[in-house]
Amino acid sequence: MKLVLAPMEGLVDAVMRDVLTRVGGIDLCVTEFVRVTSALLPNRTFERLAPELQTGGKTRAGVPVRVQLLGSDPACLADNAAKAASLGAPGIDLNFGCPAPSVNRHRGGAVLLKEPELLRDIVEAVRAAVPAATPVTAKMRLGYEDKSLALACAQAIVAGGADELTVHGRTKVEGYKPPAHWDWIARIRESVPIPVVANGEVWTLADYRAIRAESGCDTVMIGRGLVACPDLALRIAADGPDAPRAWSETLPWVVDLFRQCRERSGEDRYPVARLKQWLGLLKRTWPEAAETFERIRREQEAARVDLALQGLLRGE
Ligand SMILES: Cc1cc2nc3c(=O)[nH]c(=O)nc-3n(C[C@H](O)[C@H](O)[C@H](O)COP(=O)(O)O)c2cc1C
């Protein structure tokens, strides 16, 4: 049984991965997607999206971070995968699920689920290009418009030689609208010989137990649920308690993220925006997050926000 932190572009960057894996309970991370078009990307592109490459491919807490690639050209993806592996990526993940129109228009992400043969060619080329010891994994949705090719896509990914497959239980057109179809994850798991990781709509310990029971998968990937409730991973690892920890135990992690963002950028906008973004999701779990948001809503200067946070940490 393992727990994977989902890749989330614009939300789960290296700072968020650092904080969430230090909270604990997460076994594996995947980077935001690295977009591959027609060129071999420079080292700095990989190191920007996966700074963990400079620390052995692991977060500060020692959790491995696979590098996710998004594109449609098998040869170019293979070259970039080989480069990421040579830079120390502990695994290469392939994105076959992104629903963004700007990505799909350029034949990337979920639109590839209309072409199972291309999925196989991509996985095969990437598998051949990286060392045998480096896992090559894929992440798919159930289809583009409908689920008619779901099993064919999963089997094509297996035929290409993938080591593991994560299934987000929705089609592209279903977007992020609940429910996620955990029964379809089970159908895919039953039809392929490789480990399948279940993903979609896990917000609580009860959801985690339910997705495992319904999908039959041992490993679960969680995205928004872990950002909205960072201690969910620890409670999953310990099989309880059901209720989240107190907000006072979470606030120091929020301040930690804000300060790391501030150190990284040296300007005001980025750390303040990241803080507000995270508080927006934490509100789902703690009403106090909404109060904190209100306290800093009008602030634009990072130094003033930090002062407000210091007051909150002192319980004022
Ligand atoms: C803001 C955002 C960004 C995302 N970026 C990526 C991405 O870069 N790569 C990817 O494979 N999936 C991406 N996803 C999909 C998530 O990895 C995950 O499959 C989805 O959120 C469902 O899981 P959840 O219900 O646990 O959040 C993104 C989702 C969100 C909400």
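Q: What volume does the largest pocket have?
A: Rolling a probe the size of a water molecule over the atoms shows where empty space is left. Here the largest pocket has a volume of about 520 Å³. A pocket is an open set of points on a 1 Å grid over the protein atoms alone, with protein on both sides within 12 Å along at least five of seven lines; a 1.4 Å probe fits at its points. Volume is the space filled by probe spheres set on the points. This is a predicted model: local features need pLDDT of at least 70, side-chain atom pairs pLDDT 80 or more, and totals for linings use all residues. Residues are numbered from 1 along each chain, and side-chain values use heavy atoms, without hydrogens or water.

Q: Which residues are closest to the centre of the largest pocket?
A: Lining residues have an atom within 4 Å of a grid point. There are 28 in this lining, and Pro-7, Met-8, Lys-139, His-168 and Tyr-176 are the closest to the centre. Strand E2 (28–35) gives the most, with 3 residues.

Q: Where is the ligand?
A: The ligand takes up the space of the largest pocket. A molecule sits in a pocket if more than half of its atoms lie within 2 Å of the grid points.

Q: Which polar atoms lie by the ligand oxygens?
A: A polar contact is a pair of N or O atoms within 3.5 Å. For Gly-223, the distance from a ligand oxygen to a polar backbone atom is 2.8 Å. In Arg-224, a side-chain N or O atom is 2.7 Å from a ligand oxygen.

Terms used: Polar contact = N/O pair within 3.5 Å; in protein donor to acceptor, adjacent residues only side chain to side chain. Helix = DSSP H or I, 4+ residues; strand = E, 2+ residues; numbered from the N terminus.
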